[in-house]
Amino acid sequence: MWRRVASVSHLTFAHNSTVNKNACTFKCWEAFTTEIPRKEKTTYQTAKTPFITFVLGGPGSGKGTQCMKIVENFGFTHLSAGDLLRREIASNSADGIMILNTIKEGKIVPSELTIKLIQKEMESSDNYKFLIDGFPRSEDNRKAFEQIFGAEPDNVLFFDCPEDEMVKRVLNRNQGRVDDNIDTIKKRLKVFTALNLPVVNYYLEKGKLYKINGVGTVDEIYKQVHPVFSTFNFEKCCVD
Ligand SMILES: Nc1ncnc2c1ncn2[C@@H]1O[C@H](COP(=O)(O)OP(=O)(O)O)[C@@H](O)[C@H]1O
Ligand SMILES: Nc1ccn([C@@H]2O[C@H](COP(=O)(O)OP(=O)(O)O)[C@@H](O)[C@H]2O)c(=O)n1
Ligand SMILES: [Mg+2]
């Protein structure tokens with residue numbers, strides 16, 4: 001039932017969310033009903049079960065903003081695929097120019113490259129709760145992740161936001177991004193509809209999708225997000 005993935009060696013992956021949830025519940029029980037000797041605590045911390053949430057939504061739908069609030073409240077590590085790719089451009093890596101051109105065109109960077117960056121961050125993290133923001137952006141992203149990690153996300157958030165609202169937000173974002181201009185936004189919206197919505201539908205059919213109304217104030221939207229995670233009792237059981 002459990003599989004250890006060699007490349008993410010400090011994390012133990014479960015095959016489905018039920019198993020993961022039960023593992024977490026068990027740890028809560030353990031932590032609050034027994035005096036745990038130091039040795040057992042160490043064992044628990046080295047055999048962590050990762051909890052993975054994919055965060056999906058169109059450009060400007062509020063993914064990054066809501067991720068910050070989830071991090072504050074539940075102690076997740078936030079991995080934004082776009083931020084990791086932009087960091088790769090800034091580091092003048094061999095792939096930097098290709099990534100820059102792809103982002104300028106609003107297209108999707110080859111899956112293996114994005115996954116390699118995500119994987120590196122997960123490997124170097126002591127945490128086991130990960131928000132993977134802006135990924136998977138295509139069925140190819142999704143399938144490649146499953147193949148490389150041998151795991152699926154525990155749950156998936158989808159911020160549903162009308163196009164005119166997303167365009168307005170992106171044009172006001174002021175982060176100096178090469179893709180936050182009207183020409184690239186139009187391309188990104190087309191890519192979102194053609195390539196990302198099939199991923200959203202895939203997780204909807206699997207019963208893993210939490211569709212969030214992305215219109216309203218940040219706090220109003222977060223009110224819908226909080227219950228998705230509070231059911232897992234992270235605040236109590238998952239203090240690192
Ligand atoms: N609920 C909201 N209402 C208005 N503006 C928002 C809201 N949520 C986020 N923003 C702003 O919209 C822009 C895009 O948000 P961001 O979180 O970066 O979205 P995404 O990561 O989905 O592209 C940012 O400038 C952010 O401050
Ligand atoms: N999985 C991903 C995520 C982002 N990207 C690229 O990075 C760009 C910016 O992604 P982002 O997630 O930072 O964008 P927002 O939705 O936050 O505006 C995308 O438009 C793609 O060009 C990608 O190729 N593959
Ligand atoms: Mg973002």
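This is a predicted model: local features need pLDDT of at least 70, side-chain atom pairs count only at pLDDT 80 or more; totals for chains, interfaces and linings use all residues.
1. Surroundings of ligand 1. The ligand has 14 residues around it, and G60, K63, T65, R173 and G216 are the ones that come nearest.

2. Backbone contacts with ligand 1. For S61, the distance from a backbone N or O atom to a ligand oxygen is 3.3 Å. G216 places a backbone N or O atom 2.8 Å from a nitrogen atom of ligand 1. The ligand taken alone exposes 560 Å², and the protein buries 74% of that area.

3. Helix α3. This helix comprises residues 63-74, 12 residues in number, and spans 16 Å from its first C-alpha to its last, close to the 16 Å expected at 1.5 Å a residue. G75 follows α3 and has a positive phi, near 70°.

4. The largest nonpolar core. This core holds 29 residues, of which F54, I118, M122, I132, F135 and F145 touch the most other members. Two or more residues come from each of β3 (51-57), α4 (81-90), α5 (96-104), α6 (111-123), β5 (129-133), α7 (139-149), β6 (155-160) and α9 (182-205). The largest contribution is that of α6, with 5 residues. As a general matter, nonpolar side chains in soluble globular proteins tend to be buried together.

5. A cis peptide bond. Most residues other than glycine have a negative phi, and most peptide bonds are trans. The bond from F135 to P136 is cis, with omega near -5°. P136 is located in the loop between β5 and α7, while F135 is one of the core residues that touch the most other members.

6. Positive phi at two asparagines. N92 is not a glycine, yet its phi is positive, near 55°. N92 sits in the loop between α4 and α5 and is exposed, with a relative accessible area of 69%. N174, likewise not a glycine, has a positive phi of about 55°. The loop that holds N174 runs between α8 (163-171) and α9, and N174 counts as exposed at 72% relative accessibility.

7. E139 belongs to helix α7. Its relative accessible area is 24%, so E139 is partly exposed, given that buried means under 20% and exposed over 50%. E139 and V225 are 86 residues apart along the chain, and their C-alpha atoms are separated by 24 Å.

Definitions and conventions
Residues are numbered from 1 along each chain as its sequence is written. Chains are lettered from A and ligands numbered from 1 in the order in which they are written. Side-chain values use heavy atoms; hydrogens and water are left out. Helices (H or I, at least four residues) and strands (E, at least two) are DSSP runs, numbered from the N terminus. The expected span of a helix is 1.5 Å times one less than its number of residues. A residue is near a molecule or strand if one of its heavy atoms lies within 4 Å of it. A polar contact is a pair of N or O atoms within 3.5 Å; within protein, one must be able to donate a hydrogen and the other to accept it, and residues adjacent in sequence count only if both atoms are side-chain atoms. Accessible areas come from the Shrake-Rupley method with a 1.4 Å probe; for residues, only the protein chains shown count as cover. A nonpolar core is a set of buried Ala, Val, Leu, Ile, Met, Phe, Trp, Tyr and Cys residues joined through side-chain atoms within 4.5 Å. Buried means under 20% relative accessible area, exposed over 50%, partly exposed in between (1.4 Å probe, protein chains only).
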